[in-house]
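Student: I would like to go through this chain with you, step by step. Could we begin with how its parts are joined together?

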Amino acid sequence: ETEVFSSGEAFLTRANVSDVACIVLDIHLDGMSGIELSRRLNERGSTVPIIFITALDSAAVRKEATEAGCAAFLPKPVSGHDLVDMIKRTTLS
């Protein structure tokens, strides 16, 4: 089952994050960034794996995503096959 949220703030209002298998998250969002959302989830003790995707692939962005605890990092454009493969690898490990 897949859920879509309009923003990081909207996701944070979700009642229970512990039943989420994986989060696919763009780094650049309106409002709170994906990296900030990841940090807030970490502060709450979340261990849900996060796959970051971004159009701005740079060493600095990768470092920031890694420090925020990303399970994987995919530059755009992302093929559907690569994304599904990464979700499977992330949720089965």
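Student: Which elements make a right-handed β-α-β unit with E1 and E2?

Tutor: This is a predicted model, in which local features need pLDDT of at least 70 and side-chain atom pairs count only at pLDDT 80 or more, while totals for chains, interfaces and linings use all residues. Residues are numbered from 1 along each chain as its sequence is written, and side-chain values use heavy atoms, with hydrogens and water left out. Helices (H or I, at least four residues) and strands (E, at least two) are DSSP runs numbered from the N terminus, and a crossover is right-handed if, with the strands pointing away from the viewer, the path from the first strand over the helix to the second runs clockwise. Together with E1 and E2, the element that makes this right-handed unit is helix H2, residues 34-43.

Student: How many bridges join E2 to E3, and what is the bridge partner of Ile51?

Tutor: Strand E2 (residues 50-54) and strand E3 (residues 72-75) run parallel and are joined by four bridges. E2 and E3 also belong to a right-handed β-α-β unit with helix H3, residues 59-67. In E3, the partner of Ile51 is Ala72.

Student: In what order do the elements run from the N terminus on?

Tutor: The chain has four helices and three strands. Read from the N terminus on, their order is α-β-α-β-α-β-α.

Student: What radius of gyration does the chain have?

Tutor: The radius is taken over C-alpha atoms, and the globule rule is 2.2 Å times the number of residues to the power 0.38. Because the chain has 93 residues, a compact globule would have a radius near 12 Å, and this agrees with the value for the chain, 12 Å.

Student: What share of the residues count as buried?

Tutor: Buried means under 20% relative accessible area, with exposed over 50% and partly exposed in between (1.4 Å probe, protein chains only). Of the 93 residues of the chain, the share that counts as buried is 37%.

Student: By class, how many residues in the lining of the largest pocket are charged?

Tutor: Ala, Val, Leu, Ile, Met, Phe, Trp, Tyr, Cys and Pro count as nonpolar, Asp, Glu, Lys and Arg as charged, and the others, Gly among them, as polar. The lining has twelve nonpolar and five polar residues, and the number of charged residues is four.

Key: Two strands pair if DSSP finds at least two bridges between them.
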